[in-house]
Amino acid sequence: MSSTADADVHHEVVMLLGDSGVGKTCMLMRFRDGLFLAGNFISTVGVDFRTKVVEVDETKVKLQIWDTAGQERFRSVTHAYYRDAHALLLLYDVTNKNSFDNIRAWLGEIREYAQDDVVIMLLGNKADCGSERAVRREEGERLAREYNVTFMETSAKSGQNVELAFHAIARELKYRQNGHKDPQRFNVQEYVREQSQQPATQCPPCSY
Ligand SMILES: Nc1nc2c(ncn2[C@@H]2O[C@H](COP(=O)(O)OP(=O)(O)OP(=O)(O)O)[C@@H](O)[C@H]2O)c(=O)[nH]1
């Protein structure tokens with residue numbers, strides 16, 4: 001389980017995974033800095049990381065977020081990091097069917113390289129791109145049900161559900177670490193269902 005250098009702070013490692021171009025770096029920038037830089041797509045090389053502290057019921061949870069390169073040629077580098085991750089945010093791009101079709105392969109890699117009890121959340125990103133959508137929300141929901149992972153659609157551009165994704169992860173990890181076993185235990189899938197924003201605001205054609 002996660003190490004706690006400071007008794008009052010939970011330290012957790014969250015990894016962003018998914019094909020190149022699905023928006024992993026933008027997701028991290030939106031969450032960490034509240035920014036979205038449109039247009040200039042610079043592919044991540046290897047693994048990059050940032051930290052952010054979030055509060056869960058008056059407890060601080062320090063998330064160390066690893067942004068991995070989606071490009072195939074970096075796979076052997078990124079595999080080495082899977083084992084240390086407590087949670088994985090697995091992204092596809094709702095305007096790119098191929099990135100969705102590759103999710104099963106990503107889940108296979110996760111099974112092979114990550115810890116058995118890793119928390120997995122499937123995110124359909126670029127939900128702001130209404131007119132260019134190639135993957136229906138129900139398809140994402142169905143796949144998530146099949147693998148019993150939490151699902152929501154997000155937009156690094158509009159900010160839709162970005163905070164929620166990281167907060168839900170932080171909450172789930174904190175509850176797990178506390179070994180909550182009572183019936184009132186936090187249910188991350190229910191929490192996300194209740195809290196997620198559905199409306200996909202239309203935007204001009206996406207540059208990517
Ligand atoms: N419309 C829209 N565009 C997005 C969104 N998220 C990312 N993009 C665009 O998608 C492109 C790729 O985003 P990145 O965050 O660099 O993708 P990545 O998954 O980190 O890619 P790799 O580093 O190669 O693995 C950029 O041009 C972004 O501007 C989003 O939510 N909505």
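Begin by selecting helix α1, residues 24-33, which gives the most to the shell around the ligand, with three residues. Helices here are DSSP runs of H or I of at least four residues, strands are runs of E of at least two, and both are numbered from the N terminus. The model is predicted: local features need pLDDT of at least 70, side-chain atom pairs count only at pLDDT 80 or more, and totals for chains, interfaces and linings use all residues. Residues are numbered from 1 along each chain as its sequence is written.

Next, display the ligand with its surroundings. Of the 24 residues around the ligand, the nearest are S20, G23, S43, T44 and G70; a residue is counted as near if its C-beta atom, placed from the backbone, lies within 6 Å. Coloured by type, this shell shows nine nonpolar, eleven polar and four charged residues. Nonpolar covers Ala, Val, Leu, Ile, Met, Phe, Trp, Tyr, Cys and Pro, charged covers Asp, Glu, Lys and Arg, and the others, Gly among them, are polar.

Return to α1 and inspect its burial. Seven of its ten residues are buried, namely K24, T25, C26, M27, L28, R30 and F31. Buried denotes 20 or more other C-beta atoms within 10 Å of the residue's own, exposed 12 or fewer, and partly exposed the range in between, with C-beta atoms placed from the backbone. The cover over these α1 residues includes β1, β2, β3, β4, β5 and α6. Following the helix, G34 has a positive phi, near 70°.

Now select the strands. Six of them form an open sheet with mixed pairing, in the order β2-β3-β1-β4-β5-β6; two strands pair if DSSP finds at least two bridges between them. β2 (47-56) and β6 (150-153) are the edge strands, each with a single partner, so one side of each has no neighbour in the sheet. Zoom in on L17, whose bridge partner in β4 is L90.

Finally, select the largest nonpolar core: of its 48 residues, L88, L90 and I169 touch the most other members. Such a core is a set of buried Ala, Val, Leu, Ile, Met, Phe, Trp, Tyr and Cys residues joined through C-beta atoms within 7 Å. Helix α6 contributes the largest share, seven residues. Centre the view on L88, which touches M15, L17, I110, A114, V118 and I120, leaving aside residues up to four places away in sequence; contact requires C-beta atoms, placed from the backbone, within 7 Å.

Conventions: Two residues are in contact if their C-beta atoms, placed from the backbone, lie within 7 Å.
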